[in-house]
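Here are my notes on the pockets and the salt bridges, as promised. Have the viewer open while you read.

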Amino acid sequence: MSNNTGNQSTHGLPPTPPISSTTLPISGILCDVYGLDELSPSVHKVSILWLHHQRTRNKESMKDIASRCIAAWNSFSHHQNTHSSPGQQQQERRGLIAIAYDQRNHGSRLINEKVNGSWREGNENHAIDMFAGIRGMVVDQSLMIDVIEGYLFPRGEKRVDQHLALGCSLGGHSVWQLMMADRRVRAGVCVIGCPDFINLLSDRARLSKLNTYSPQDNGASFLGSRDFPPSLINACKNYDPKAILFGPHPVPEQQTHSRQELIRQTILYERLQGKKLLVCSGGVDKLVPPRCSDPFMNWLKQAAVTPPSPSFDKEQRFWVDDRVYPGIGHEFSAEMVKDAVQFVVGVVMGAGEDRYNPETREEQQQGGGRQSGYVVSPNI
């Protein structure tokens, strides 16, 4: 039977591995930092997995996935180093930690519970409240990336040179926006989230039978109404993945070879260049239905294999793994958990191969004379 709570399932999984946790105030926000005690003195480079929790939950909700990812990486890393000859062992071992913090108006940052509710739950500002929370999480995240190394390793004893993010439900929405907003975040796991806020909230307005949603115009008049004001449309066009590229308009079923399409793909590659995405959706999710993401996801997956110019090499392209889990509702299912852990370990394993990571670009240029990873927009 499907679950629509947004919770993580551990059914059939081994018990949560014991991983250390330390709560620290970072840039004015309480953060749970997992795995610090497990970093050995031989670790000089550190990857951070940032965790974005669900609506109405808190940072503690991410303990299990944090522990599983760190334990899996530590096991893999230990195996690699103990089964290599001394000459083959990594000179600079890599460590993985995870950091979870409360979304705005959640957990230790809660101000008003009603603000976190939906239209059906009596919050008439649901759309703008939800978008503001998502955008706030992205802003908070970028600030934390700016300062985190100084908080954790103030004497420079370790170098943080890779950032990943995993989010569930509301956190899945914020990870989608984060992947488009911050080049330092090189990989993301978007669990039961949506890259098309306008389509998702329009569908929710229809199901909620809002007076501002008219079946006669298929919801067109909803956009710009009191429940989805013009300023929110503009915010989506600036920050939400689908609207950045298509505005409030539908995604065409087929890619064209128009000048506008070339501009879209160029913008997309500038933001996602070299990144990796794992997208996990429940096949029978009622709260965040895959149908709301499908038009954009179909376009995105096609764009991933057809760059705007043949001159793009393999490393410049981005990678998308879109998985829909049959019979799964709005939950972080056990199969999703296993796939997410495997994805995180794989990304951390390839940290040194990411040519377009701004955290390591200077080192790579010194070592191999590689060029800057920014896409130059064509003259169009």
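1. Let's start with the biggest opening. Helix α9 provides the largest share of the lining of the largest pocket, 6 residues. Keep in mind that this is a predicted model.

2. By class, the lining of the largest pocket splits into 8 nonpolar, 5 polar and 12 charged residues. If you plan to look at this pocket, those 12 charged residues are part of the picture.

3. As for volume, the largest pocket holds about 560 Å³ of space. It is lined by 25 residues, and the closest to its centre are Gly 274, Lys 276, Trp 319, Gly 346 and Val 347.

4. Helix α4 gives the most, with 5 residues. The classes here are 9 nonpolar, 5 polar and 5 charged.

5. How many salt bridges does a search of the whole structure find? The count is 21.

6. Arg 206 forms a salt bridge with Asp 203, and their closest N and O atoms are 2.8 Å apart. The two sit 3 residues apart in helix α4, so about one helical turn separates them.

7. Arg 264 and Glu 261 both lie in it, 3 residues apart, about one turn of the helix. Their salt bridge has its closest N and O atoms 3.0 Å apart. Arg 264 counts as buried because its relative accessibility is 12%, and Glu 261 counts as buried at 3%.

8. There is also a network: salt bridges with shared partners join Asp 32, Lys 59 and Glu 60.

9. Last pair: Asp 182 forms a salt bridge with Arg 184, with the closest N and O atoms 2.8 Å apart. Asp 182 counts as buried, since its relative accessibility is 6%. Arg 184 is buried as well, with a relative accessible area of 17%, and the cut-off for buried is under 20%.

Conventions:
Residues are numbered from 1 along each chain as its sequence is written. This is a predicted model: local features need pLDDT of at least 70, side-chain atom pairs count only at pLDDT 80 or more; totals for chains, interfaces and linings use all residues. Side-chain values use heavy atoms; hydrogens and water are left out. On a 1 Å grid over the protein atoms alone, a cavity is a set of points where a 1.4 Å probe fits but cannot get out, and a pocket is an open set with protein on both sides within 12 Å along at least five of seven lines; lining residues have an atom within 4 Å of a point. Grid points are joined across faces, edges and corners, and a volume is the space filled by probe spheres set on the points. Helices (H or I, at least four residues) and strands (E, at least two) are DSSP runs, numbered from the N terminus. Ala, Val, Leu, Ile, Met, Phe, Trp, Tyr, Cys and Pro count as nonpolar, Asp, Glu, Lys and Arg as charged, and the others, Gly among them, as polar. A salt bridge is a side-chain nitrogen of Lys or Arg within 4 Å of a carboxyl oxygen of Asp or Glu. Buried means under 20% relative accessible area, exposed over 50%, partly exposed in between (1.4 Å probe, protein chains only).
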